[in-house]
Amino acid sequence: MRSIKWLASAAMVLVVAAGLLPAQSLTQVQRAYADNPNHTLVGAIRWDAWVGTTNTDGVGAPQVGLQVEQTLGPNKYHFRLPFFGVETGTNSVNARQLTQSLMDQDIAFAKYAGIDYWAFCYYPDGSGMDTARNLYDASTHKNDVKYTYILGTGDLPSTKFDWLVSKFAETNYQKVLGGRPLLYIFGGTGGYSAADMTSIRNKAAAAGLASPYIVVMSDNSSGASSAASSIGADAISAYITWAGGGGAYSGLMTQDQSNWNNHKATGRKVIPWVTTGIDTRPRYDHPVSWTTVGPNDWVQTAAPSEIAANLTNALSWVGSNASTAEANAVIMYAWNEYDEGGWIAPTLYDGTARLDAIKNVLRPSANPSNLALDRDAYSSSSNWDAAQTAAKAFDSNAATNWQAASGSAYNGQWVQVDFGANTSFNQVKLSEYGGRTTGYRIEYWNGASWATAYTGTTIGGAASPTTVTFPTVKGTKARIYYTGGSFTPILYEFEINRQYVNLAAGKTYASSSNWDAAQTADKAFDGNLATDWQAALGSAYSGQWAEVNFGASTTFNRVALAEYGSRTTGYRIEYWNGSSWATAYAGTTIGGPGAPTAATFPAVTGTKARIYYTGGTDTPILYEFEVTN
């Protein structure tokens, strides 16, 4: 991304994450974040290389779509495939967003999360890399998410400036400061001159438009300021904060904030940026033709909660620096840079997890854990009338309802939600009118057919809903399918949740040492934040550990940790593979009881799991160590 002008980054690597969880329970991870009280505009960068076999010679690199598919081919990278990706083999994939329906779904996802605009990396007409923006332009839903361009990623000659100004005039082109078209320039000047920017401004004025708000993108503050002076830009920002060394995402968050302040110190106006990750190891393993990356150009994969926290930081920074951040806007890296390490768009494996967390910042609801809430696509077998439609069963409002059509048979009626991407869930809550139901199934769409997650009989009323839990399933849709009852179904609410079960509870435990007989290993696994394990007085931090023995092979991909005093500077989550300890995740800091750390990683299987400390001060004090899948 850094070394050539036409390309502007992409994706992520290990599904690892540290995040904020409610103090009272480490397993109930969904929570609402701060609202966006200043109504700051939030945008996301689009780098649309997901074009398969489309000819991309027009951007100076052949078959970009096939190259990025090759980078994500190894099985260890499949977790970051976009929601439209397909695993064609153990170590091969395709990831192609070439249809109108996929773009329309993308727009629906962005709208769901509260994203205001996309910043399209501009590439010339007919270059292949213009596919996504053309699909966006053709969409009947394009007014749901506005857009702008990033120039300098591909060549926009002066002969196209009139075309650019015509785009400024569109109602769905993003404006700031009361009507000024927003325009980003990649890589400093992006190859443009002051005369070019003056020409664009003059053409906008001649068209009766406000002067564009031009923003230089560079994470080098002095370089950004110099470029802004050179071409007469209005503000400075960055495409990404480049980091590496395999450190925690929390360090990247800190660097983002430091860079915002460094940009402010130049005296320029600033649009802060939110880096959602950087991990170019797919490109190191399978080099691409347009750039070169090193083996250490990566940080650990962010948890959705961490990305939400970084966005919250940016919104707070805008509110605290209103004069500097006059545009009242933020830009996120990125919507879909899957193979470079930054994305918020849904993935094949994790669905809308990142967008769910962002939604809790931008569009917080009273029930943020409800996976069915605020989706765009609800449907049903029939409706009683126009006021009792499927959407009413998913609105978290017990005063509204869906009802099947008059005279319809109970058996065979259904109401469903379309998540748009694979979504894991293991619990539903149902409430109905009149105790009418005598049989139903909770079903999920597995990509080929409807499969049954749970079979039930009766459903409670609004005052006493029925909550059922079952083994975790994954599907793009979920529905209730009625198999029996009287009259017609009337469903107040159909709530869908993901609950985490602590696999470490009720097992046997061990530790490297104990402070005393009251602070033993079992206290780190008892689900009680008022108790703790502490290593022995005088023991070296490095080499201490606390362990759970599952007693049988157990698969897990997530831990939650809380400690006293922010003492830890390094640790590993390890699992016993039958012959040795293997590393599932390596981290740095651990949060306290009010903001525990969650770490998510590719699933591992072992008979034991432990935290092994590699650095810290005094001795480790661990309140809780939860293991989930």
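This is a predicted model: local features need pLDDT of at least 70, side-chain atom pairs count only at pLDDT 80 or more; totals for chains, interfaces and linings use all residues.

Trainee: Okay, which residue forms a salt bridge with Lys111?

Mentor: That's Asp144, and the closest N and O atoms of the pair are 4.0 Å apart. The bridge links distant parts of the chain: Lys111 is in helix H2, residues 100–113, while Asp144 is in the loop between H3 and strand E5 (146–151). The two are 33 residues apart.

Trainee: And Asp144, how exposed is that one?

Mentor: Asp144 is partly exposed, at a relative accessible area of 33%.

Trainee: How many salt bridges does the structure hold?

Mentor: There are 23 in the structure. One of them joins the side chains of Glu170 and Lys167, at 3.2 Å from N to O.

Trainee: Are those two buried or partly exposed?

Mentor: One of each. Lys167 has a relative accessible area of 8%, so it counts as buried.

Trainee: Back up a second. How confident is the predictor, going by mean pLDDT?

Mentor: The mean pLDDT of the protein chain is 92, and 94% of its residues reach 70 or more. Watch residues 1–34, though, where the pLDDT is below 50. That stretch still has 181 contacts in the model beyond near neighbours in sequence.

Trainee: Noted. Let's do helices. Why is H1 described as largely enclosed?

Mentor: Helix H1 covers residues 64–71, and six of its eight residues are buried, so the rest of the structure largely encloses it. The buried ones are Val64, Gly65, Gln67, Val68, Glu69 and Thr71.

Trainee: What covers the buried residues of H1?

Mentor: The cover includes strand E3 (92–94) and helix H8 (281–285).

Trainee: I clicked on Ser127. Where is it found?

Mentor: Ser127 sits in the loop between strand E4 (117–121) and helix H3 (131–138). Ser127 is buried, at a relative accessible area of 1%.

Trainee: What does Ser127 touch?

Mentor: Leaving out residues up to four places away in sequence, Ser127 touches Asn55, Thr56, Gly58 and Val59. Also, a polar atom of the Ser127 side chain lies 2.7 Å from the backbone oxygen of Pro124.

Trainee: There's another serine I marked, Ser431. Which strand is that in?

Mentor: Ser431 is in strand E17, residues 414–432. Ser431 is buried too, with a relative accessible area of 4%. Beyond its neighbours within four places in sequence, Ser431 is in contact with Ile459, Gly460, Gly461, Ala462, Pro465, Leu491, Tyr492 and Glu493.

Trainee: And how many Å separate Ser431 from Thr600?

Mentor: Their C-alpha atoms are separated by 33 Å, and the two residues are 169 apart along the chain.

Trainee: What does UniProt say about residues 361–499?

Mentor: An unreviewed UniProt entry places the feature "domain: F5/8 type C" there. In the model, residues 361–499 are 1% helix and 50% strand, and the end C-alpha atoms of that stretch are 21 Å apart.

Trainee: Last topic, strands. In what sense do E25 and E26 pair?

Mentor: Strand E25 (residues 568–576) and strand E26 (residues 581–587) pair in the antiparallel sense over six bridges. If you want a spot to look at, Tyr571 stands opposite Gly587 in E26.

Trainee: What about the turn? Which residue takes a positive phi in that hairpin?

Mentor: That's Gly578, with a phi near 110 degrees. The hairpin of E25 and E26 has four residues between the strands.

Methods. Residues are numbered from 1 along each chain as its sequence is written. Side-chain values use heavy atoms; hydrogens and water are left out. pLDDT is the predictor's confidence in each residue, from 0 to 100. Contact means heavy atoms within 4.5 Å. Buried means under 20% relative accessible area, exposed over 50%, partly exposed in between (1.4 Å probe, protein chains only). A polar contact is a pair of N or O atoms within 3.5 Å; within protein, one must be able to donate a hydrogen and the other to accept it, and residues adjacent in sequence count only if both atoms are side-chain atoms. UniProt positions are given in the numbering used here, feature names are shortened, and annotations may be inferred rather than shown by experiment. Two strands pair if DSSP finds at least two bridges between them.
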